[in-house]
There are 2 protein chains.
Amino acid sequence: MEGIKSISIIGSGNVAHHLGRAFNEKVKINGVYSPNIENCETLAQKLNCFAARSIAELPVSDLLLLCVKDDIINLVLKDLADSQRVAYTSGAIELSSLSRSDNIGVLYPLQSFSKDKEVDIFHVPFFIEASDNLLAQELFDLAYSVSPNVVFANSEDRKNLHVAAVMVNNFTNHLFHLAQDITARKKLDWKHLLPLINETVSKLDTTPPKEAQTGPARRRDTETINAHLALLDGDTKEIYALLSKSILNTYKTND
Amino acid sequence: MEGIKSISIIGSGNVAHHLGRAFNEKVKINGVYSPNIENCETLAQKLNCFAARSIAELPVSDLLLLCVKDDIINLVLKDLADSQRVAYTSGAIELSSLSRSDNIGVLYPLQSFSKDKEVDIFHVPFFIEASDNLLAQELFDLAYSVSPNVVFANSEDRKNLHVAAVMVNNFTNHLFHLAQDITARKKLDWKHLLPLINETVSKLDTTPPKEAQTGPARRRDTETINAHLALLDGDTKEIYALLSKSILNTYKTND
């Protein structure tokens, strides 16, 4: 066999949708299975492939792509033939933690997918690991067919990337929500903050975040920090205090 | 007098540079003063105006724009004639906290300015407050000459906007730094995270951050949260735990 020429997919969530549509232009997608029948059929229609009603019904393919929640990867693996090559898409699950040790790999896209929002797969980095070098190379080639940004990474690296991704995506988004909450309580338009958010991010193109840091904590302006804390309560107040402390600690030695 | 036709500036930092250059196309900038002589002369040259060596040397103008650090606003005000109309640019300082109560206003640009990076002033929101309605209107018109996004806002609103700005700009940037630190320790390329950061922000155009939230804490995946905490230490671990707790609290009642 030379490379991965056909895929079946288990799962019909955001990852399955986005990867399915990206790979559909490069390899043959034979079928998709998901316990959510409606999502499964929607995805099968999009990919112009067979909507299986069980794992057993899925057509045999060069690769079975598991786009399922972390905690059921092992469960699904039990239902698959040992000879079936499988790749999962999770950042958090270590390869060595799984119930199988052959014909298993990882193809981890470092991106947050939403169903209704197009993502440019060409700019998504993929991290590859597998139980053997041939599968690793073939998963690399598969990912490389849709993105120039493909890297071999072991489970520990992948887990660290996942933590970093949680911080820059999930936690950043939560800060956005808390800020929106502050503006909403004062009946101020949250959209006023968007140019500032865009500027914060666009600086990253030219300046490492450690150098780009500004604000009350960066200039050790405890008066403003305390005035801000007095306006806040609950988790938001705790977060303001802790992040300010962390910024103070980051710059205490090299001002 | 009809509107602000001329400005002198005190300060030669990032705010003075960016506002000076923006207003220079709309009104006459007569002079600039800063105790930092080198920065003062650089700015005066850019604005093609007089570099004063003292506040007393500054040419009289319709408005004196104070682009100085929060804690010296009051100090500078003492040196100015009562009849001189003054506006400062700080989000944090309340109008009522100052030593003068007439001919004083605020023109607060909600943006983070860096010296070497162009900012599109047209997209910067300005928040206006003043000791009298005429000055408020004239500051509004001045800001409106460079940005369509000008809003009257009292000191309390402005302070809340400033807190929100700290959260979406300073704290977000610090999360970026902590994430970069994680990748650096594993010798992974920090740039892999940039597409994810861009996606996080671009979602805001269509989806409120509360709805866009994803990640381990959002799906109450305590196993992944604990695995991530085990990888971290110090402030980063505390921040991971607190932000996860805050996300859990945000979504506990309306899953």
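Which backbone nitrogen does a side-chain oxygen of B:Asn154 reach at the start of H5(B)? The legends below begin with that spot, and the model they describe is predicted.

**View 1. The start of helix H5 in chain B.** A side-chain oxygen of B:Asn154 comes to within 3.2 Å of the backbone nitrogen of B:Glu156. Just past the other end of the helix, B:Lys187 adopts a positive phi of about 55 degrees.

**View 2. The course of H5(B).** The end C-alpha atoms of H5(B) lie 43 Å apart, in agreement with the 45 Å that its 31 residues should span at 1.5 Å a residue. Along the way, H5(B) bends by about 30 degrees at B:Val166. Of its 31 residues, 27 are buried, so the rest of the structure largely encloses this helix.

**View 3. Where chain B meets chain A.** Here 83 residues of chain B contact 83 residues of chain A. About 8300 Å² is buried between the two chains, and carbon and sulfur atoms give 67% of that area. The chains share eight salt bridges; look for A:Lys117 and B:Glu199, whose side chains meet in a salt bridge at 3.3 Å, N to O. H5, H6, H7, H8 and H9 of chain B each bring at least two residues to the side touching chain A, and H5(B) gives the largest share, 26 residues.

**View 4. Helix H9 of chain A and its surroundings.** H9(A) covers residues 234–250 and reaches 25 Å from first to last C-alpha, close to the expected 24 Å. Its buried residues include A:Ile239, A:Tyr240, A:Leu243 and A:Ile247. Among the elements covering the buried residues are H5 and H8 of chain A, along with H5 and H9 of chain B.

Methods: Residues are numbered from 1 along each chain as its sequence is written. Chains are lettered from A and ligands numbered from 1 in the order in which they are written. This is a predicted model: local features need pLDDT of at least 70, side-chain atom pairs count only at pLDDT 80 or more; totals for chains, interfaces and linings use all residues. Side-chain values use heavy atoms; hydrogens and water are left out. Helices (H or I, at least four residues) and strands (E, at least two) are DSSP runs, numbered from the N terminus. The expected span of a helix is 1.5 Å times one less than its number of residues. Buried means under 20% relative accessible area, exposed over 50%, partly exposed in between (1.4 Å probe, protein chains only). Contact means heavy atoms within 4.5 Å. The bend at a residue is the angle between axes fitted to the seven residues ending there and the seven starting there. A polar contact is a pair of N or O atoms within 3.5 Å; within protein, one must be able to donate a hydrogen and the other to accept it, and residues adjacent in sequence count only if both atoms are side-chain atoms. Buried area is the accessible area (1.4 Å probe) that two parts lose on being put together, summed over both. A salt bridge is a side-chain nitrogen of Lys or Arg within 4 Å of a carboxyl oxygen of Asp or Glu.
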